[in-house]
Amino acid sequence: MLVGESDWLASTPLFYNVESGDASSDIWQVMPAVDVPVELHPEGLYNFLDFGYSVFGQTPVTNVRFLPPASQLFESSERGLEVVRQSDPVDDWWDYRLAESDVIELIRERVQNWEASLPPDQEIVLPLSGGYDSRLLLWCLKDKERVRAYTYGLSEDQYRSTEVVHARTLARHFGIRWERIPIGDQHWFFADWNAAFGISTHAHGMYHFEFYTKIRERLIGNQAFLSGIIGDAWAGSLPRRQLRGANDLTQLGYSHGLRADPQRLRLSASNALRNQFWSENRDRLSDHRFQVVASMRLKLMLLSYLMSVPRRFGFQPWTPFLDIDIAMAMLNLPQVRRANRQWQRDFFLKVGLDLENKNLKSKKRNSLNHQAMRRCPVERLDMEKLSEVFDQDYIRWINRNVDLSALSDLRTKVLGVPKAGGALKRLGVRDKSLEAYGAYLCLRPIEKLL
């Protein structure tokens with residue numbers, strides 16, 4: 001009997017428990033019963049810490065796994081749950097090539113077809129960062145009067161943040177309804193995040209719970225939702241990586257410091273899953289295009305929240321960038337044009353939306369994590385619970401460094417200054433508070449599990 005299946009990216013994770021036979025997109029539905037001690041999977045936990053989210057089909061819990069891309073999950077009375085891998089759909093698209101103008105037109109056509117499928121009076125919520133993806137989607141929409149756009153800023157002065165300045169400029173250009181949403185209190189949403197994602201991923205996406213909570217306070221009704229999820233990856237934002245072995249696979253994870261040190265585990269872990277993934281994919285990973293596909297397949301365990309969190313708030317999310325033909329059309333553009341997304345830069349210049357060349361004054365530095373740490377200090381990690389799994393010194397170091405002091409506050413600000421910060425980093429000066437914060441966000445879900 002077919003239990004479930006995944007698309008070409010596994011864009012909606014499907015978890016299953018090989019012992020109980022349960023399967024669900026909600027990880028808590030397949031976790032061991034509350035009266036059963038949790039058995040940690042050493043390698044699954046090691047990889048979770050190294051990447052910041054569950055990878056290679058295994059969560060940090062021994063019997064809890066998830067379906068890989070392009071796969072089906074069957075259940076039989078004889079064999080229990082069984083994963084059947086299908087032929088990889090991307091292999092049928094390597095020769096699919098369109099001109100740049102045709103790629104743009106394909107995206108616009110797909111967006112407007114989705115728009116036409118909605119009730120004519122239904123509003124469309126668009127998280128408008130002002131970046132290339134949301135900018136392109138806004139341009140694609142036919143009826144701008146339906147749009148309700150919202151933006152949060154990342155810099156200390158959120159009103160002058162680049163995201164806000166660019167979004168405000170676009171809103172004026174297109175005459176749409178737009179509002180800035182102040183955020184920075186995301187730590188109040190730890191429980192909500194844990195209830196949604198548990199140990200599938202670290203807890204960094206809490207600010208989206210804050211963002212959509214505040215949007216919901218402003219909206220009543222059943223709005224559609226247009227997302228730009230992972231459009232940047234297909235467009236050319238990810239560089240080519242030199243991968244020489246299984247240990248280099250973390251380069252595909254793009255964790256951005258939101259990870260913990262797996263060497264501080266007190267459990268002995270093998271590299272079997274990582275080595276198996278490398279063995280199965282090493283030849284294809286020499287192709288930059290497949291590197292991008294593999295990266296997104298790995299990271300969608302985390303990034304799927306960009307669709308699932310809005311859904312939790314009653315929105316109906318959709319995006320064109322999970323469609324394989326659109327993704328592959330973008331990936332198959334000439335590499336020289338994809339580098340730094342030059343093809344999109346030229347398009348925005350052509351249609352008068354090249355905001356980067358309009359001398360808009362803004363603050364580019366992302367200090368949102370630091371703002372949250374200052375405004376709503378995190379609870380200390382539980383030493384008693386975690387010391388059986390992690391070095392006690394590591395837990396102490398995390399707790400000490402996520403508790404901001406005047407010195408750590410100053411160090412973070414200086415390291416955030418482009419030239420001065422770059423020079424200090426080359427000298428080995430680390431931002432211990434943000435490093436500890438990344439580790440904290442990985443250990444906190446584990447603590448709640450134990």
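Asp50 is buried, with a relative accessible area of 11%, where buried means under 20% relative accessible area, exposed over 50%, and partly exposed in between (1.4 Å probe, protein chains only). Its salt-bridge partner is Arg259, the closest N and O atoms being 2.6 Å apart; a salt bridge is taken here as a side-chain nitrogen of Lys or Arg within 4 Å of a carboxyl oxygen of Asp or Glu. Arg259 is partly exposed, at a relative accessible area of 29%. The pair links distant parts of the chain, with Asp50 in helix H1 (residues 42–51) and Arg259 in the loop between helix H7 (231–235) and H8, 209 residues apart. Helices (H or I, at least four residues) and strands (E, at least two) are DSSP runs numbered from the N terminus.

The model is predicted, so that local features need pLDDT of at least 70 and side-chain atom pairs count only at pLDDT 80 or more, while totals for chains, interfaces and linings use all residues. Residues are numbered from 1 along each chain as its sequence is written, and side-chain values use heavy atoms, with hydrogens and water left out.

A salt bridge also joins Asp133 and Arg341, with 2.8 Å between the closest N and O atoms. This pair too links distant parts of the chain: Asp133 lies in helix H3 (residues 132–140), and Arg341 in the loop between helix H12 (335–338) and helix H13 (342–350), 208 residues apart. Asp133 counts as buried at 13% relative accessibility, and Arg341 counts as buried at 10%.

Glu210 and Lys214 form a salt bridge whose closest N and O atoms are 3.1 Å apart. Because these residues are four apart in helix H6 (residues 206–218), about one helical turn separates them. Glu210 is buried, with a relative accessible area of 2%, and Lys214 counts as buried at 19% relative accessibility.

Across the whole structure, the search finds 26 salt bridges. Asp88, Asp91, Arg284 and Arg297 are linked in a network of such bridges.

## A three-stranded sheet

An open sheet of three strands has the order S1-S5-S6, with antiparallel pairing, two strands being paired if DSSP finds at least two bridges between them. Strand S1 (2–5) and S6 stand at the edges with a single partner strand each, so one side of each is left without a neighbour in the sheet. The twist averages 20° from one strand to the next, with axes fitted as lines to C-alpha atoms (for helices over the stretch in contact) and angles running from 0 to 180 degrees between N-to-C directions.

Strand S5 (residues 71–76) pairs with S6 over six bridges, and a hairpin of three residues joins S5 to S6. S1 and S5 pair over three bridges. Phe74 has Glu82 as its bridge partner in S6, and Phe74 is in turn the bridge partner in S5 of Leu2.

## The second largest pocket

The second largest pocket holds about 790 Å³ of space. On a 1 Å grid over the protein atoms alone, a pocket is an open set of points where a 1.4 Å probe fits, with protein on both sides within 12 Å along at least five of seven lines, and lining residues have an atom within 4 Å of a point. Of the 34 residues that line the second largest pocket, the closest to its centre are Phe56, Gly57, Pro68, Pro69 and Arg85. H9 gives the most to this lining, with six residues.

Note on methods
Points joined across faces, edges and corners; volume = space filled by probe spheres on them.
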